[in-house]
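Please brief me on how this protein is packed. Start with the helix pairing, then cover the cores and the aromatic rings.

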Amino acid sequence: MIRSPILRVIATFAVPITLLVAARIFWQGHNLPGGGFIAGVLLAAAGAMYMMAFGMRQMARFAWWRVAVLGLLIALLNGTVPLLRGRPFMDNEILHFGALHLPTATFFDLGVLLVVVGTLMTIFIELSLERR
């Protein structure tokens, strides 16, 4: 682990900013470029930055592969539900909640985000645990 106070100060500010940018990119993904994959990569980058600055002990306790499996299940359910309703696989619909209009593709993007974060965090932790 790198014990740098400069890295800790930078990470203290950069991790929350990265989380906000990832959320913005996730939500703009249906109308503009962006979405689940890019937001997932940003979240994993924030996780890696946190691990480098503050240690990986807390992050290594969590089974990140379960996040990836949950994301895969969400993405598959997003495609299967329309199929079970007699519509094409992965058919998109827009859900209306008052002024909020939410495409069902948002759930697919959420699944992709979770798969990317879970996979990358698992890789980062396994690589950091590897002994030379």
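In this predicted model, helix α1 packs against helix α2 through a list of residue contacts. From α1 come L7, R8, A11, T12, A14, V15, T18, L19, V21, A22, I25 and F26. They meet G36, I38, A39, L42, L43, A46, M49, Y50, M52, A53 and F54 in α2. Contact means heavy atoms within 4.5 Å. Helices are DSSP runs of H or I with at least four residues, strands are runs of E with at least two, and both are numbered from the N terminus.

**Basis of the values**
- Residues are numbered from 1 along each chain as its sequence is written, and side-chain values use heavy atoms, with hydrogens and water left out.
- Local features need pLDDT of at least 70, and side-chain atom pairs count only at pLDDT 80 or more, while totals for chains, interfaces and linings use all residues.

**The α1/α2 pair**
- The two axes come within 9 Å and cross at roughly 165 degrees. Axes are lines fitted to C-alpha atoms, for helices over the stretch in contact, and angles run from 0 to 180 degrees between N-to-C directions.
- That angle makes α1 roughly antiparallel to α2, a label for angles over 145 degrees.
- The crossing of α1 and α2 is left-handed: the near helix is turned anticlockwise from the far one by less than a right angle.
- T18 sits in helix α1. T18 has a relative accessible area of 14%, so it is buried. Buried means under 20%, exposed over 50% and partly exposed in between, with a 1.4 Å probe and protein chains only.
- Leaving out residues up to four places away in sequence, T18 touches L42, A46 and M49.

**Nonpolar cores**
- A nonpolar core is a set of buried Ala, Val, Leu, Ile, Met, Phe, Trp, Tyr and Cys residues joined through side-chain atoms within 4.5 Å.
- The largest core has 14 residues, of which M51, M59, W64, L113, M121 and I125 touch the most other members.
- Two or more residues of this core come from each of α1 (5-28), α2, α4 (64-84) and α5 (105-129). Helix α5 gives the largest share, five residues.
- Apart from this core lies another, of five residues, among them L7, V15, A46 and A53.
- M121 touches A44, G47, A48, M51, M59 and W64, with residues up to four places away in sequence not counted.

**Aromatic pairs**
- The whole structure holds three aromatic pairs. Rings of Phe, Tyr and Trp (its six-membered ring) pair if their centres lie within 6.5 Å; planes under 30 degrees apart count as stacked, over 60 as edge-to-face and the rest as tilted.
- Y50 and F54 have ring centres 5.0 Å apart and planes at 40 degrees, so this pair is tilted.
- Both residues lie in helix α2 (residues 36-54), four residues apart, about one turn of the helix.
- Y50 is partly exposed at 26% relative accessibility. F54 is partly exposed at 33%.
- F62 and W64 form an edge-to-face pair, 4.9 Å centre to centre and 70 degrees between the planes.
- F62 is partly exposed at 45% relative accessibility, whereas W64 is buried at 16%.

**Overall layout**
- The protein has five helices and two strands, running α-α-α-α-β-β-α from the N terminus on.
- The C-alpha trace spans about 55 × 30 × 20 Å along its principal axes.
- Buried residues make up 33% of the 132 residues.
- Among contacts between residues at least 6 apart in sequence, 68% join residues at least 24 apart.

Note on methods. Parallel < 35°, antiparallel > 145°, perpendicular 65-115°, else oblique.
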